[in-house]
Each structure stands twice: as structure tokens, then as C-alpha cells.
Amino acid sequence: MSAEAEPSQAPDGPSVVEVKNITRILPGPPPVTLVEDVSLDLARGDFAAVTGPSGSGKSSLLYLMGLLDRPDRGEVFLQGHPTSAYSDSERARLRLSVIGYVFQFHFLLPEFTVTQNVMLPMRRLGKLSESAMTQRAGELMEKLGIAECRDKRPGQLSGGESQRAAIARALANDPAVLLADEPTGNLDTRNSEIVFQTFAQLAADGERAVVAVTHDPDMAAFCSRRIRLVDGRISSMT
Amino acid sequence: MHLLFDIALRHLAGRRRQTLVSLLGVALGVGFFIAIAAMMQGFQTYFVAKVIDVSPHIEMRDEYRKPPPQPVESQYQNGLVHILGLKPKSEPRGIKNARAKIAALSELSGVAVAPALSGQVILRYGSKDVSATAIGIDPKKEKSVSNLERDIYLGEIEDLYATANAIILGGGLAEKLGADRGATLTVLSPVGVVLKMKVVGLFTTGIVAMDNFQAYALLKKVQVLEDRPNVVNRIRLRLADVNQADVLARRIETRYGYWTQSWKEANANVLGIFVIQNAIMYSTTGAILVVAAFGIFNVISTVVLEKTRDIAILKSLGFNARDIQATFLLEGFVVGLAGTLVGWALGYGLTELLATVEFEIEGFVRSQGFILDYSPAHYLIAGATGLSAATFAAYLPARKAARMDPLAIIRGAS
């Protein structure tokens with residue numbers, strides 16, 4: 001385990017995201033402990049469900065893993081590299097290239113079409129040509145079954161379509177970690193199942209680790225690993 | 001299209017009316033600046049050109065700037081000297097030894113020199129008495145120091161030689177008298193000499209102070225009128241380089257002691273008004289642009305507030321603070337740029353409109369309508385100011401957006 005903490009390790013080691021004894025306390029008064037002494041390690045192919053009662057620190061753990069937040073103690077390793085020393089700008093760059101986020105709300109930009117929304121992270125990364133980006137966006141939308149929505153505005157989509165468009169956007173730069181925060185919170189059962197089946201497939205490719213926060217036990221059943229948090233601590237993990 | 005620019009444009013498109021209003025604010029500021037500057041600068045350059053063109057660049061008078069120092073004052077330079085009942089020595093008026101001075105000044109390169117005797121007279125024609133300044137000149141030399149020859153629109157400067165007791169009047173003066181060419185005036189001087197003089201020509205310079213109050217005659221005639229034979233009380237100089245006037249006037253005054261004025265000093269009151277005019281112009285248009293900047297601040301602030309979620313998602317997707325700041329700064333810049341371009345067109349249009357307005361003005365100068373100056377510098381100044389005001393107005397909301405914590409927003413939303 002500790003060997004993977006060395007930056008000299010190949011980035012394509014089995015561990016894509018590892019947290020080690022992380023604690024996050026919201027400064028008070030009174031200080032609130034969001035996450036306390038949590039350690040876990042996820043590899044490509046893992047599909048982990050983070051469950052627990054509300055306020056147990058599920059989302060906070062997700063934001064810490066996804067470099068949106070910094071732990072007060074402990075370390076987050078991304079593809080084997082410790083991340084605490086990175087500047088905000090470097091962390092933004094990692095979010096762009098290595099991490100994909102899906103939230104409870106789709107947060108698609110209303111001024112852009114679905115295709116353009118999916119292309120946003122690619123355009124920011126700037127590694128592909130315009131035509132290659134359009135093609136990749138098309139493939140992602142195809143894969144998520146929303147190809148017919150490509151030229152629609154977010155306002156014209158149903159809840160399920162929006163959330164799938166948001167997933168397509170999260171996958172735009174082919175991230176090693178896909179983090180989803182209650183992605184089915186606003187969806188009906190049928191759409192929720194589609195989303196979780198999609199996540200299962202994405203993990204099964206072996207290309208990435210998928211972590212989903214959910215409080216729906218039916219959805220957690222899709223997952224290969226289940227992490228249960230209570231009061232910011234891991235109470236059980238498979 | 002660059003991604004951030006794309007986002008910026010879409011944000012503005014989403015607030016079309018507000019954007020348009022702020023854009024018009026900038027455009028009005030820029031446009032008015034250009035039109036007002038064209039008007040003011042046009043008038044000012046015209047005036048300066050006229051002054052330089054029409055009158056001598058330097059004039060030496062038979063006066064002193066300060067009374068001559070008393071011996072006791074030079075003896076106790078740092079002492080407290082108070083002289084009571086001082087009677088300055090009365091000197092015969094006129095520049096002493098003018099001939100030698102003219103000869104010496106003529107030696108300078110790029111300088112033309114002419115003598116003159118100027119005195120107050122009353123012109124009487126029919127039932128009208130009009131006071132005027134009679135200037136006695138040497139027409140041959142005068143040609144080289146002023147543009148009188150060119151400004152005479154009726155008659156010739158040489159006609160002063162052709163007719164005995166000839167006089168050339170300013171157009172406005174002739175109008176006041178009701179006299180035309182060929183009229184014979186009675187000219188009275190303060191010393192009591194009366195001459196019958198014939199109007200042989202009329203001139204107009206465009207400068208009211210000259211056209212309405214000056215008359216030219218031969219130097220000899222004015223010397224007779226004023227009963228000051230062989231006296232010259234003005235030495236008039238014209239320079240190849242007008243900007244040397246101040247320096248040369250100082251030098252001449254130091255050398256000869258007589259009060260020597262450059263054209264800048266002679267017109268200091270008007271040139272001073274120009275400075276104030278320009279200050280008013282810059283502050284007025286500056287105020288318009290400040291108002292416009294508030295408009296832009298308002299739009300961008302609204303967009304930032306409205307787009308907090310979008311800002312959060314962009315940040316979580318991996319856009320950094322600088323990207324976000326640049327996006328909103330670009331929005332201000334775009335409004336500023338578009339406003340500037342519209343303002344340029346507006347300014348040009350307004351200037352063209354002003355050019356068609358016709359009226360008679362008679363202030364410092366006479367003109368039919370506005371004198372306009374289409375200077376690219378005005379467009380550059382207005383554009384640069386509009387653009388930087390717009391960008392600066394966007395800076396505060398942009399910085400606020402850049403500093404937003406995406407986590408707080410996402411937590412708040414879910």
C-alpha cells in the first residue's frame with residue numbers, strides 16, 4: 001500500500017484513488033466534523049456505493065476524493081500521487097483530466113446544446129481537434145442513449161435525459177475516477193436503474209473507478225463495493 | 001471560437017436588453033466625446049492657427065513690464081525698502097533707437113521684422129464717431145510679418161502709397177461706420193490733429209478684435225496724426241518657427257528691456273479658457289463613461305449572481321479561478337468594445353451632423369457654423385477610455401465570481 005504513495009510509481013498502478021486517514025472539520029463555532037479518519041482504496045473496475053444516513057459525510061468524502069475540498073488531516077492519492085501539495089490551479093487541472101463529477105442536479109449550462117455541454121471539458125483541456133471533439137461527444141451520447149437529444153437545449157430534456165447528458169459530460173475527458181453525488185436523487189425508478197446500469201458498465205470496462213453516493217439500497221445493489229458511513233466514519237466496507 | 005469567449009458571449013446574449021443598454025451607455029459616452037472634442041478642438045486649433053497666421057508672432061512695445069528699480073532698491077536688495085511719493089521719470093514715448101533695434105533683430109535667422117506706430121483715434125463718418133486703433137505700417141515690411149496683404153478683400157496694400165492719406169479699415173469697423181471703399185473719413189487723434197483720410201481697402205481676418213477695431217495707414221501718416229515724427233512704438237516680428245516665440249520674446253525683452261509679448265502671452269486669456277474648456281469636456285464625457293461603467297457593473301454582477309451554479313459546475317469540471325475571472329472580464333470587454341465601435345460611428349455621425357449646422361457666430365472669431373476637427377486621436381482617446389472603463393467595471397464582479405467556492409454552491413443546491 002505505502003509503495004503506491006510514491007510519485008515514482010507508474011500512474012497506471014491498480015489504485016486510482018486512495019484516501020488515507022483523512023479528516024475534514026468545518027471550522028466552527030461549533031466545528032463540525034464531516035469526515036473522520038477515513039481510509040479506502042479504489043482500483044480501476046471498482047464500482048463503489050457510499051451509503052449512510054443523511055449528514056454522515058458521504059458527499060463530503062466524495063468532494064475530498066474529487067479534489068473539490070482539502071482534508072484537514074490525511075492524504076488523498078490520485079493514481080498514486082499525493083495531492084495535498086498541489087495548488088488550486090493544479091487541482092483544477094486534475095479535475096479536468098482525471099476526475100468526472102455527476103451531481104444530484106444535472107447543472108448543464110442552459111445556453112449550450114447538449115453536444116456543446118458534453119464538449120465543454122474537452123474544449124477546456126484542448127487536446128483534441130474540433131472535429132474529434134464533436135465525434136467523441138457523439139459517441140458518448142450514443143453510448144448513453146441520448147443521441148437524439150444532441151442539438152437540444154438542457155431545458156428541453158427530461159430529468160433522465162439531463163442526468164445522462166451530465167454523465168456524458170463527466171466522461172468527456174475519459175476520467176480515471178467518476179464521482180456521482182446522489183445522481184438519481186431526482187429520478188424515477190426506471191431512470192435511476194438506467195443510470196446505475198450505465199455506471200456498472202462504465203466500471204466494468206476496467207477503464208475507471210466509479211463511486212456513487214446513494215441512500216437507495218436498491219441502487220447500492222448494483223455496486224461491486226459498498227462503503228457505509230456513520231457520523232463521518234466508515235462503519236462497514238466490502 | 002475560444003471557449004471562454006464563447007461562454008461570455010452566451011451570457012451576454014442571455015441578458016440582451018441589459019447588455020444593450022450598457023453598450024449604448026458606452027456608445028453615448030464615446031460618441032459625445034468625439035463630437036464635442038471635434039467641436040472644441042476644431043475651434044481651438046482654428047483660433048490658434050488664425051492668431052498665428054494673422055498677427056505678428058512677437059510684438060515689442062514702448063512700455064516696461066515693471067517700473068525701473070530705484071537706486072535705493074538695488075543698493076539694499078534684501079532690505080525692506082518702502083519709497084513714498086515716488087514720481088517715475090516721464091520719458092518720451094516710443095521705442096528708442098528703433099532703427100538700430102530693427103536692424104539688429106533682422107539679423108536673426110528665420111525672423112522678419114517691421115516697425116509700427118499704434119495709437120487710438122476717432123473715426124468720424126457722417127454722424128458716426130467710432131474709436132479705433134490706427135496702426136501705421138511700412139507696407140513693404142508689413143507683408144513679411146503679417147498676412148494683412150492676403151486679408152485685404154477690397155483693394156490692395158499698395159493702395160496706401162497710391163492715394164494721399166489712405167486708410168484700410170477692418171470689415172467690421174467699416175460696417176459700424178457705414179463707410180465703404182472710397183469714403184472719406186475724418187480722423188481725430190487725442191493730440192488734436194485732424195486728417196481727412198480716404199478708405200482704399202477693407203480687410204477681414206476672422207478675429208473679431210482685429211476686424212472691428214483696427215485700421216491701417218502708412219507709418220508716416222500715423223506719426224503725423226499722433227504728432228510723433230519718426231517715432232515707432234511697436235516692433236513686430238514674425239518667425240519661421242512659431243514655437244520659438246516664447247523663448248525669443250524673453251530674450252529680446254532681457255536684451256532691450258521693452259515689454260515684448262509672444263502670441264501666446266498676448267492671447268493667454270483665451271488660451272487659458274481653452275484649458276478650462278478641455279477640462280470641462282473631459283470631465284463631462286468622463287462622467288458619462290462612469291455612468292456607463294456602472295451599467296456594465298450591473299449587468300456583469302447580475303450575470304454572476306444568476307450564474308452561480310454554472311460557475312460552480314465549471315469549477316468542479318476543472319475550470320480554474322483565472323478562467324472564471326477571464327470569462328467575466330471578457331464580458332465587460334466585449335460590451336466595451338461593441339460600445340466603442342457603435343460610439344465611433346455615433347461620434348462620426350454627430351460630427352457630420354454638426355457640420356451641416358449653419359449659423360453666424362461672432363465671439364473671438366467669426367464663422368458660419370461649427371469649426372470641426374476630425375482627429376483620429378479623439379477616437380483613440382474615447383475608445384481607450386470606454387474600453388478600460390468597461391473592463392474595469394467588470395473586474396469586481398469577475399473577481400467575485402473567481403473567488404466563489406463551488407462546494408458551498410453545490411452543497412446549497414442539493
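**Note on the predicted two-chain model**

1. Helix H6 of chain A is followed by A:Gly206, whose phi is positive, near 80 degrees. The structure discussed here is a predicted model, with an ipTM of 0.86 and a pTM of 0.74. For chain B, the pLDDT averages 88, and 98% of the residues score at least 70.

2. The length of H6(A) can be checked against its residue count. The helix covers residues 189-204, and its 16 residues should span 22 Å at 1.5 Å a residue; the C-alpha atoms at its ends are 22 Å apart, so the two values agree.

3. The buried residues of H6(A) are A:Ser192, A:Val195, A:Phe196, A:Thr198, A:Phe199, A:Leu202 and A:Ala203. Because they cover an arc of only 155 degrees around the axis, they lie on the same side of H6(A). In an α-helix there are 3.6 residues a turn, so residues three or four places apart point the same way.

4. The face of H6(A) turned away from the buried side carries exposed residues, namely A:Thr189, A:Arg190, A:Gln197, A:Gln201 and A:Ala204. The buried residues, in turn, pack against several elements of chain A: strands E3 (47-51), E7 (177-181) and E8 (209-213), together with helices H5 (159-170) and H7 (217-220).

5. The loop between H5 and E7 of chain A contains A:Asp174. Phi of A:Asp174 is positive, near 50 degrees, in a residue other than glycine. A:Asp174 has 13 C-beta neighbours inside 10 Å and therefore counts as partly exposed.

6. Chain B also has a residue other than glycine with a positive phi: B:Asn165, near 55 degrees. B:Asn165 is found in the loop between helix H7 (159-162) and strand E5 (166-170) of chain B. With 18 other C-beta atoms within 10 Å, B:Asn165 is partly exposed.

7. Chain B is divided into domain 1, made up of 3-52 + 270-413, and domain 2, which covers 92-258. The C-alpha centres of these two domains of chain B lie 52 Å apart.

8. The contact between the chains takes 23 residues from chain A and 17 residues from chain B. On the side of chain B that touches chain A, the elements giving two or more residues are helices H1 (3-13), H14 (308-317) and H17 (406-413) of chain B. H14(B) gives the most to that side, with five residues. By class, the side of chain B that touches chain A has nine nonpolar, five polar and three charged residues.

Conventions
Residues numbered from 1 in each chain as written. Chains lettered and ligands numbered in written order. Predicted model: local features only at pLDDT ≥ 70, side-chain atom pairs only at ≥ 80, totals over all residues. Contact = placed C-beta atoms within 7 Å. Helix = DSSP H or I, 4+ residues; strand = E, 2+ residues; numbered from the N terminus. Nonpolar A, V, L, I, M, F, W, Y, C, P; charged D, E, K, R; others polar. Domains from an automatic or database assignment. pLDDT = per-residue confidence, 0-100. Expected span 1.5 Å × (residues − 1). Buried ≥ 20, exposed ≤ 12 C-beta atoms within 10 Å, placed from the backbone. Arc of directions from axis to C-beta.
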